[in-house]
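Good morning, and thank you for the time. I shall take you through one structure, beginning with a detail of the backbone and then moving to the overall fold.

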Amino acid sequence: MGKKRKDDGYNKGKFKEVEYFLKGLRAPIFKLLNHKSKHKYDCPICGYHGPFMDKNNRLRAKCPKCGELERARMAMLVVNQIYDAKKASETDVLHVSPENFLRKIFKEKYKSYISSDLYREDVDQQFDIQSIPYPDNSFDLVFASHVLEYVKDDRQAIQEIKRVLRPGGLAFLPVPMLHDKTIDFEERPLNKRIIRETGIDYFDRYREVFSEVTVYEPGSFDEKFNLTIDMQDISDSEKHNYQLPNLLPVCSA
Ligand SMILES: [Zn+2]
């Protein structure tokens with residue numbers, strides 16, 4: 001058995017190299033095939049300029065170079081807008097359930113960086129966000145995107161995030177926009193990983209704790225970034241599930 005596992009690991013490593021090589025070809029080939037497209041955009045994450053790829057039935061949603069979608073690209077723009085190089089060099093970051101593109105940037109340009117997750121092993125610290133193992137006033141920035149919909153006592157988690165932030169610190173806490181009103185389940189439904197379906201009213205829970213909540217909307221950014229969701233072939237009944245925009249709430253401690 002041990003030998004078999006070793007072979008599997010070896011193959012995995014080998015295929016990873018092929019995968020990265022093929023991914024590197026994706027953007028130039030896609031650009032070449034679609035060079036006549038009138039729709040050309042800028043990616044704020046990797047700097048690519050050109051046509052974007054469809055993602056399922058979301059038109060022109062994906063950057064062919066870094067593979068990131070609307071939500072990640074908007075987060076990058078907001079982070080860049082708030083943190084210039086000097087401010088970044090003075091900012092201690094806690095990154096919960098880390099996205100790879102942001103992890104790289106935080107690690108390189110910010111004063112200090114800790115990644116965390118309850119289960120993942122590719123992080124600096126494993127802990128439960130309902131009980132953050134750091135003293136009060138430890139960080140200037142907490143980034144936890146699409147996390148709170150999984151947490152049983154989310155109000156406790158929001159309090160904890162506020163507690164570890166220094167005065168003037170910021171928490172980026174986007175959750176999926178699924179309804180107008182949030183639905184909290186008593187227990188995690190058997191067919192779901194989330195314990196609540198968050199809605200537009202969810203940000204009120206931040207307003208109870210933080211001094212200020214600024215909500216960034218895709219429509220307020222230049223069209224060249226293509227952050228608004230454009231669907232095709234969706235029936236009217238399904239449309240409702242997709243029409244709510246990606247919103248990014250930034251909470252001030
Ligand atoms: Zn990109």
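Let me begin with Arg60, which lies in strand S4. This is a predicted model, and in it the phi of Arg60 is near 50 degrees, a positive value in a residue that is not glycine. As background, most residues other than glycine have a negative phi. Is Arg60 exposed, partly exposed or buried? Arg60 has 18 C-beta neighbours inside 10 Å, so Arg60 counts as partly exposed; the cut-offs here are 20 or more for buried and 12 or fewer for exposed.

A second residue of this kind is Asn56, whose phi is likewise positive and near 50 degrees. Asn56 is found in the loop that runs between strand S3, residues 53–55, and strand S4, residues 58–62. Because 11 C-beta neighbours lie inside 10 Å of Asn56, this residue counts as exposed.

I turn now to the whole chain. The protein has seven helices and 13 strands. Its radius of gyration is 20 Å, close to the 18 Å from the globule rule for 253 residues, so the protein is as compact as a globular protein of that length. The C-alpha trace spans about 55 × 50 × 45 Å along the principal axes. Of the 253 residues, 28% count as buried. Among contacts between residues at least 6 apart in sequence, 55% join residues at least 24 apart.

How confident is the prediction? The average pLDDT of the protein is 90, and 90% of the residues score at least 70. Over residues 1–10, however, the pLDDT is below 50, and this stretch has zero contacts in the model beyond near neighbours in sequence. Where pLDDT is low, the predicted coordinates should not be read in detail.

Next, the sheet. What is the order of the strands in the open sheet of seven? The order is S7-S6-S5-S8-S9-S13-S12, and the pairing is mixed. The edges are strand S7, residues 125–126, and S12, each of which pairs on one side only.

Helix H2, residues 70–82, touches S9, S12 and S13, and its direction makes about 35 degrees with that of S13. Helix H5, residues 154–164, touches strand S5 (92–96), strand S8 (139–144) and S9, with its direction at about 135 degrees to that of S9.

Which residues of H5 are buried? They are Asp154, Ala157, Ile158, Glu160, Ile161 and Val164. These residues lie on the same side of H5, because they cover an arc of only 160 degrees around the axis. In general, an α-helix has 3.6 residues a turn, so residues three or four places apart point the same way. The buried residues of H5 are covered by elements that include S5, S8, S9 and helix H6, residues 204–207.

I close with the other end of the sheet. Strand S9, residues 165–172, pairs with strand S13, residues 248–252, in the antiparallel sense over three bridges. Within that pair, Phe172 stands opposite Val250 in S13. Strand S12, residues 212–216, also pairs with S13 in the antiparallel sense, over five bridges. Here the bridge partner of Val215 is Pro249 in S13.

Key: Residues numbered from 1 in each chain as written. Predicted model: local features only at pLDDT ≥ 70, side-chain atom pairs only at ≥ 80, totals over all residues. Pairing = 2+ DSSP bridges. Helix = DSSP H or I, 4+ residues; strand = E, 2+ residues; numbered from the N terminus. Contact = placed C-beta atoms within 7 Å. Axes fitted to C-alpha atoms, helices over the stretch in contact; angles between N-to-C directions. Arc of directions from axis to C-beta. pLDDT = per-residue confidence, 0-100. Rg over C-alpha atoms; globule rule 2.2 N^0.38 Å.
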